[in-house]
Amino acid sequence: MTQRIVLAGSSGLIGQALAAALRERGDDVHRLVRRDPRNANEYFWNPEDGQLDPGVLAGTHALISLNGASVGQLPWTKSYRTKLRDSRLDATRTLANAVQQLGSEAPQAWLSGSAVGYYGNRPGETLTESSSAGDTFLARLCVEWEAQAQVAGNTRVVLLRTAPVIHPEGVLKPMITLTKLSLGGPLGRGIQTWPWISLEDEVRGILHSLDQGLSGPVNLTGPTLATANDIGRELADQMRRPFLFAAPKFALSLLLSKDATESLLTSDAAVLPEALLQSGFEFTHSTPAAAIQAGLS
């Protein structure tokens, strides 16, 4: 049966792939855009000013929001950290206000973006959806981000804690550039556990969360734990390049900012997709090697 889905943040890597998957299975996809709408399936909104007609969401089967400036854009200067925060909180707050105003006409479900950065830097721990938040910049931002969505009490809320996506336009983008130049190597010590997911499984995980009635936090991350070295070396092997040149943590912090380094590059977080696995989800790419091969192809 055709379902009416409203997407916010549909222009990014995940949003474009998700919109295509929803249309392919026959759903009626509507997009929130920040420019003049170009067709009947687009609606203007301005989250910076809190502008959104709540009627756009009325009677919708699901609202899916994937807003936020890219965490992959480095360095995280003071102004860019503000952009990372505001782009997430403004959008989520605007959507929450609209959902609250609709009462019984609110979307049946709201799948709101978040990140596995919620868990921060936790070496030696196994992390699931029941684990507490960390204390890095990104972890504190995720706590605020999720709180904005949770105030919408008249709909089923799913918190999509997404891992870095193994794709040439995702986490692999800077790594591919360095690897092509034969400059790939350990980031910091390289033994830190990196959550990861393929683009295909990211989209499939979102659809599964929607269709299976999941609620609360859902870790969108691959089922096989891997270190930064595992992922970097696998990429180098598949590209037939060396993996030799280490980047010390102090140099990364100096060049890219301490917050970015501790939240992303040297963060150690063994995050498992417990909610997906317990609800019967089967991964297409269950190892980083398979995800990298799919991404490069």
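Me: How far is the backbone oxygen of tyrosine 119 from a polar atom of the side chain of arginine 122?

Reply: First, this is a predicted model: local features need pLDDT of at least 70, side-chain atom pairs count only at pLDDT 80 or more, and totals for chains, interfaces and linings use all residues. Residues are numbered from 1 along each chain as its sequence is written, and side-chain values use heavy atoms, with hydrogens and water left out. Arginine 122 sits in the loop between strand 5 and strand 6 (126–127); strands are DSSP E runs of at least two residues and helices are H or I runs of at least four, numbered from the N terminus. From a polar atom of the arginine 122 side chain to the backbone oxygen of tyrosine 119 is 2.9 Å.

Me: Is arginine 122 buried or exposed?

Reply: Leaving out residues up to four places away in sequence, arginine 122 touches Leu127, Ser131, Ser132, Ala133, Gly134 and Asp268, where contact means heavy atoms within 4.5 Å. Buried means under 20% relative accessible area, exposed over 50%, and partly exposed in between (1.4 Å probe, protein chains only). With a relative accessibility of 12%, arginine 122 counts as buried.

Me: Which residue of strand 5 stands opposite isoleucine 64?

Reply: Strand 4 (residues 62–65) pairs in the parallel sense with strand 5 (residues 109–115) over 4 bridges; two strands pair if DSSP finds at least two bridges between them. Across that pairing, isoleucine 64 faces leucine 111.

Me: What hand does the crossover from strand 4 to strand 5 have?

Reply: Leucine 111 in strand 5 stands opposite isoleucine 64, and the chain gets from strand 4 to strand 5 through helix 2 (residues 78–102). A crossover is right-handed if, with the strands pointing away from the viewer, the path from the first strand over the helix to the second runs clockwise. This β-α-β crossover is right-handed.

Me: Which residue of strand 4 does leucine 7 stand opposite?

Reply: Strand 1 (residues 4–8) runs parallel to strand 4, joined by 4 bridges. In strand 4, Ala62 and Ile64 point one way while Leu63 and Ser65 point the other way, and all are buried. The residue opposite leucine 7 is isoleucine 64.

Me: How many residues are in the second, separate core?

Reply: A nonpolar core is a set of buried Ala, Val, Leu, Ile, Met, Phe, Trp, Tyr and Cys residues joined through side-chain atoms within 4.5 Å. In the largest one, with 46 residues, Leu7, Leu18, Leu22, Ile64, Leu111 and Ile206 touch the most other members. The second core includes Val56, Leu57, Leu102 and Leu159, and its residue count is 20.

Me: How many residues apart in sequence are the parts tied together by arginine 25 and aspartate 211?

Reply: A salt bridge is a side-chain nitrogen of Lys or Arg within 4 Å of a carboxyl oxygen of Asp or Glu. Arginine 25 makes one with aspartate 211, with the closest N and O atoms 2.7 Å apart. Because arginine 25 lies in the loop between helix 1 (13–24) and strand 2 (28–33), and aspartate 211 lies in helix 5 (residues 199–211), the pair ties together parts whose separation in sequence is 186 residues.

Conventions. Polar contact = N/O pair within 3.5 Å; in protein donor to acceptor, adjacent residues only side chain to side chain.
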